[in-house]
Amino acid sequence: MHSVAASRSFANFSDLAARRPFASTAGRPASFAIHRPLLGRAGEVIEDGEAFGADSLGDVTENAANLAERRRHRNRVHTANFPAQGDTGNVTPPDTQGTVGPHHLMVTLNNNVTIESRNGTVLQSVPIAGFWSSLGNISEAFDPRVLFDPYANRWIVSSGANAVSPSSYILIGASATSDPTGGWYLYKVKVGASGQSWADYPTLGFNGDWIVVQANVFAVSDFAFLGSHIYAFNKADLYAGGAGQYTLFQDASGFSDYPAVTHDNTLATEYLVRNWNSGAGTLRISTITGAVGSEVLTIGVAFPKASSGWQDSAPLTNFAPQLGSTAKIDTDDSRIENCVYRNGSLWAAQTAYLPASGTATRSIAQWWQINTASGSLGVVQQLGRIDSPSAQFDYAYPTLDVNSRDDMMIGYSRFGASQYASANYSFRMHNDPPNTLGPDTVFKAGEAPYFKDFGTGDNRWGDYSNVAVDPVNDLDLWTIQEYAGTANNWGTWWGNVSFDNNAPTPTPTASATPTPTATISPTRTPIATPTPGCHNHHRRHHRHQAC
């Protein structure tokens, strides 16, 4: 259904920052825990395609000789290691999110939206409710996301609003220029005209035509899962400060279908990936295609399959141990944490739980590279796991990105009885052995035990993180991750890896045996983006079992 936003506004970030402090958000307590991401409907066992061979499954463990050889060929420098933003004491978890632009870093957390210089100096900061306040009737904003579109030099933000409420909204915004401290076009879209449903855990991606937000929709009255809403916003319209044109798709079989960040402005397909059936080791790929305003959602075009499965969640809510406390930390579930398209492949990351049957003893960070070529759509090209079989460490909330020559960084949180919760990453060069990663690297060590539940009993973390390629050279990779700070505070931290830009361009990664599915990924004809004008427009803790 083609629609326009329920409300739109134009706001200047610098003006908002100058208005601090904002009045308290109506209806929200001074300190509160964002509701845990709710679980939806599990997928079905799908046998399409061939499983990725167990002998190809990679992890971060290699012998010392192999690591030494790889390090000699690893032309990179760890150049950035400084704070992002910290705990203001009134909300948990942070929903760790930030990204990099040509001249700025932008951090969107459940407390504040902050603009920093590329060396971490805070330039301006606004409470998250204040950022969206010009839209009106926003009592709570949560699950924020931020992306930078290098093809149009624009910043994109999204959020959910008013959880478990008849006035639930999806919030979406785009910067008017490449400067995030300037003007923003902001929009809100009502979730369900009747007021009987609300949207949880919105995810964000884009391609040349659309900015796509997917959200899990639940009943206000009893938290019953109602399916997935997918909003395909007309990107040119949002960038011009237009009416907020979008097409809404509703998918009863969807859940946390993550729209790809598409590193190809000519690709006419927007891919979405979801965790489909953990026990069977399958994901599901869907697509949005067609002309802007006449989009078509095709569900289940492929089902990438691993040779072995995993479990969706831990046997108890607070699962991961930490040094200095008997209290454990929530590592959530196996939904896809992010997805990117690059050079003909989809890359995705997720938390998973092992062993695949019986009582789960550890959480791992699992990553995929999946072919999108015609005749090979859904073929798993690489599959790796950051795992500690002895359960010395648990890994959770992984996200990844890939640069122009297929070097990949994956960032995540690491937990263990011998350490405080830390911010970590691993990376692989494009010419590394398939399915392997470099060492598990701590770039910000935890500083103290952490337990913050505001009376819920749920020691929340995450709910996610971010990795982003640097638009300046399309090579360097940045990550923002959470760590346990002092005085029972969470913190977020920036890490960056800079690569030698004289390294050779990669050849395509070899594919496993193709599936019989044949789908063509068309390219689009680029169109000019309208020049923007000046428009003065005006969880709770509730754990569901998968069906």
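Student: How many bridges join β17 to strand β18?

Tutor: This is a predicted model, in which local features need pLDDT of at least 70, side-chain atom pairs count only at pLDDT 80 or more, and totals for chains, interfaces and linings use all residues. Residues are numbered from 1 along each chain as its sequence is written, and side-chain values use heavy atoms, with hydrogens and water left out. Strands (E, at least two residues) are DSSP runs numbered from the N terminus, and two strands pair if DSSP finds at least two bridges between them. A232 stands opposite T247 in β18; β17 and β18 (residues 245–251) run antiparallel, and the number of bridges joining them is 6.

Student: Over how many bridges does β17 pair with strand β16?

Tutor: In β17, N234 is the bridge partner of W210. The hairpin of β16 and β17 has 5 residues between the strands, and F223 takes a positive phi near 65° there. Strand β16 (residues 210–219) pairs with β17 in the antiparallel sense, and the number of bridges is 9.

Student: How many of the residues of strand β17 are buried?

Tutor: Buried means under 20% relative accessible area, exposed means over 50%, and partly exposed lies in between (1.4 Å probe, protein chains only). Strand β17 spans residues 225–234 and is mostly covered; the number of buried residues is 9 of its 10.

Student: Which strands stand at the edges of the open sheet of 4 strands?

Tutor: The order of the antiparallel sheet is β19-β21-β22-β23. Two of its strands each have a single partner strand, so one side of each is left without a neighbour in the sheet. These edge strands are β19 (258–259) and β23 (296–302).

Student: Which residue in β23 is the bridge partner of T287?

Tutor: Strand β22 (residues 282–289) pairs with β23 in the antiparallel sense over 4 bridges. In β23, the bridge partner of T287 is T298.

Student: Why does I34 count as buried?

Tutor: I34 lies in the loop between β3 (32–33) and β4 (58–59). The C-alpha atoms of I34 and R460 are separated by 8.7 Å, although 426 residues apart along the chain. I34 counts as buried because its relative accessibility is 1%.
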